Amino acid sequence: MGFSVSASAAIIFISFLVAFSTLYTAWDSTYSNVQGAREDWYDLRVSQLNTLIDLNGTLGQATIDTVNNVYNITWYIQDYGPTMYVKGWSCIYDGLYKTIYNVSDDNVGFLEDYTYALPGETLLLNVTNIPLDQTEHNLTVVFDNGCWLRISWHYNGNTIVIDERARGCPTEVS
């Protein structure tokens, strides 16, 4: 004997309901992920637009050691924008990645243990054991939102001279 027409119709109807509910769940999940990604992008973009970190208008403090033919420099980096999470920052010094939380491991680092850079706060970033010659040096500090601050300097025989100072944020590809 076989199934009746009504039983076959019920099985087909239930199959359509199960397929539709599976597709709806997948669509809803995908839509939620896309909306979440849009919100994250918007938050990142707002953060980049408001990032304003620069030197505080002074060269910083330099200590010249003519006995060992090295010098140390402390950069005064000031946050003119919103509060930023400092633990997410990294840096590149003369083309090499350096950690900036411990000056003793690679000669580049903060003088204090900063967690956040508050608006108006000045952070002291120290670079030590720089050879006492006229070589140009570069330091790029990259923030957790992708923005950066780049400083280029050299020793001219008497004092430290800033060659270039720039800051910026990544831009989108259209």
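1. Ala-10 is partly exposed, with a relative accessible area of 35%, where buried means under 20% relative accessible area, exposed means over 50%, and partly exposed lies in between (1.4 Å probe, protein chains only). The C-alpha atom of Ala-10 is separated by 76 Å from that of Trp-75, a residue 65 positions away along the chain.

2. A word on the basis of these remarks: this is a predicted model, in which local features need pLDDT of at least 70 and side-chain atom pairs count only at pLDDT 80 or more, while totals for chains, interfaces and linings use all residues. Residues are numbered from 1 along each chain as its sequence is written, and side-chain values use heavy atoms, with hydrogens and water left out.

3. Helix H1 also holds Phe-13, which is exposed at a relative accessible area of 51%. Phe-13, Ile-14, Leu-17 and Val-18 together form a nonpolar patch on the surface, with about 400 Å² of accessible area. Patches are made of residues with over 30% relative accessible area and no salt bridge, like charges being joined within 9 Å and nonpolar side chains (Val, Leu, Ile, Met, Phe, Trp, Tyr) within 5 Å; the accessible areas come from the Shrake-Rupley method with a 1.4 Å probe, and for residues only the protein chains shown count as cover.

4. Three salt bridges are found in a search of the whole structure, a salt bridge being a side-chain nitrogen of Lys or Arg within 4 Å of a carboxyl oxygen of Asp or Glu. Asp-54 forms one of them with Arg-165, and the closest N and O atoms are 3.0 Å apart. Because Asp-54 lies in strand S1 (residues 53-55) and Arg-165 in strand S12 (residues 160-168), this pair ties together parts that are 111 residues apart in sequence. Asp-54 is buried, with a relative accessible area of 11%, whereas Arg-165 is partly exposed at 44%.

5. Arg-167 forms a salt bridge with Asp-54 as well, the closest N and O atoms being 3.4 Å apart. Here too the pair links distant parts of the chain, with Arg-167 in strand S12 and Asp-54 in strand S1, 113 residues apart. Arg-167 is partly exposed, at 43% relative accessibility, and Asp-54, Arg-165 and Arg-167 are linked in a network of salt bridges.

6. Another salt bridge joins Lys-87 and Asp-113, whose closest N and O atoms are 2.7 Å apart. The pair links distant parts of the chain, 26 residues apart: Lys-87 is in the loop between strand S4 (84-85) and strand S5 (90-93), and Asp-113 is in the loop between strand S7 (108-110) and strand S8 (116-117). Lys-87 counts as partly exposed at 32% relative accessibility, while Asp-113 counts as exposed at 64%.

7. Five strands form an open sheet in the order S6-S5-S10-S11-S12, with antiparallel pairing; two strands pair if DSSP finds at least two bridges between them. Strand S6 (96-98) and S12 stand at the edges with a single partner strand each, so one side of each is left without a neighbour in the sheet. From one strand to the next, the twist averages 20°, the axes being lines fitted to C-alpha atoms (for helices over the stretch in contact) and the angles running from 0 to 180 degrees between N-to-C directions.

8. Tyr-97 in S6 is the bridge partner of Ile-92.

Note on methods: Helix = DSSP H or I, 4+ residues; strand = E, 2+ residues; numbered from the N terminus.
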